[in-house]
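Trainee: I would like to learn how to read a structure feature by feature, going from the general idea to the particular case. Could we work through one together?

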Amino acid sequence: MSESTTALVLFSGGQDSTVCLAWALDRFQRVETIGFDYSQRHSVELEVRPRIREKIVAIKPEWKSRLGQDHMVRLDALAAISETALTRDAAIEIADNGLPTTFVPGRNLIFLSFAGAVAYRRGASHLVAGMCETDYSGYPDCRNETVQTMARALRLGMDKEVLIETPLMRIDKAETFALAYKIGSDAFIRLVVEETHSCYLGDRSHRHDWGYGCGECPACQLRARGWEKWIATRQK
Ligand code: ZN
């Protein structure tokens, strides 16, 4: 258990942020969540968020009293300044620069700024976020150096101790499944598979072993590969 009592988790309803939420619930006395609504082309992630919050507290008895408020922040301005397939009807593919067309430049910096302000207001000294530089899709704002430099900027800018915890930073998607299993065993794996959403196309009509999604987009492929690798490791 951490000495600090409150953590604020950047929680989108995806696989990574759901594992981060469980990770935080295991460590902090009080855990609040923050989500961002920026006119995503598909609001599926926003729809699964309340369901995950509702179901996750059944995994461990102590989690129920720890899970606190959810903060939903509307960031319409983000859609206005981004050229992305998440907010416009453009095809999702890998662009010439190696980044998916869903890329919103510096998006995580914007999220962390807002999360920092909410954490300040709520008396939370820790932000928990699912950035990962291992098998991430090439987003430079997921790098550890970016995130920890942002933490320093928040500490200086708000004159307050703010730590950013990124439990998935050094692990791949298979290890994320392994971490989920370690934290909450089969019950939590079931929740991750059934309720979390990663598919860029917002597809909830196709069910795979690893969960719902189109199976084709980069997010689905990453999740499928991670699942298969984890299952193979388990069977050894
Ligand atoms: Zn997909």
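Trainee: Which residues of H2 are buried?

Mentor: Bear in mind throughout that this is a predicted model. As a general idea, an α-helix has 3.6 residues a turn, so residues three or four places apart point the same way. In this case the buried residues of H2 are Val44, Leu46, Val48, Arg49, Ile52, Arg53 and Ile56, and what covers them includes helix H1 (15-25), strand E2 (30-37), helix H3 (61-66), strand E3 (67-74) and H7.

Trainee: What span should helix H2 have, and how far apart are its end C-alpha atoms?

Mentor: Helix H2 runs over residues 44-56, and at 1.5 Å a residue its 13 residues should span 18 Å, which agrees with the 18 Å between its end C-alpha atoms.

Trainee: Which residues have the most contacts inside the largest nonpolar core?

Mentor: They are Leu10, Ile56 and Leu127, in a core of 71 residues. Helix H7 (residues 173-195) supplies the largest share of this core, namely ten residues. If we take leucine 127 and leave aside its neighbours within four places in sequence, its contacts include Leu8, Leu10, Leu112, Leu154 and Ile164, along with Gly116 and Glu165.

Trainee: Where is threonine 6 placed, and with what is it in contact?

Mentor: Threonine 6 lies in strand E1 (residues 6-10) and is buried, because its relative accessible area is 9%, under the 20% cut-off. Beyond its neighbours within four places in sequence, threonine 6 is in contact with Phe28, Arg30, Gly123, Ala124, Ser125 and His126.

Trainee: Turning to the metal, which atoms are the protein donors of the zinc ion, and what geometry does the site have?

Mentor: For four tetrahedral donors, the ideal angles at a metal are 109.5 degrees. Here the protein donors are the SG atoms of Cys199, Cys214, Cys217 and Cys220, at 2.3 to 2.4 Å from the zinc ion, and the site is tetrahedral, with angles of 106 to 117 degrees among the four donor atoms. Along the chain, these donors follow the spacing C-x14-C-x2-C-x2-C. Cysteine 214 is buried at 16% relative accessible area, and cysteine 220 also counts as buried, at 1%.

Methods:
Residues numbered from 1 in each chain as written. Predicted model: local features only at pLDDT ≥ 70, side-chain atom pairs only at ≥ 80, totals over all residues. Heavy atoms only, no water. Donors = N, O, S within 2.8 Å, 3.2 Å for Na, K, Ca; no water. Tetrahedral: all angles 85-135°; square planar, octahedral: opposite > 155°, others 65-115°. Buried < 20%, exposed > 50% of the residue type's maximum accessible area, 1.4 Å probe, protein only. Core = buried A, V, L, I, M, F, W, Y, C linked by side-chain atoms within 4.5 Å. Helix = DSSP H or I, 4+ residues; strand = E, 2+ residues; numbered from the N terminus. Contact = heavy atoms within 4.5 Å. Expected span 1.5 Å × (residues − 1).
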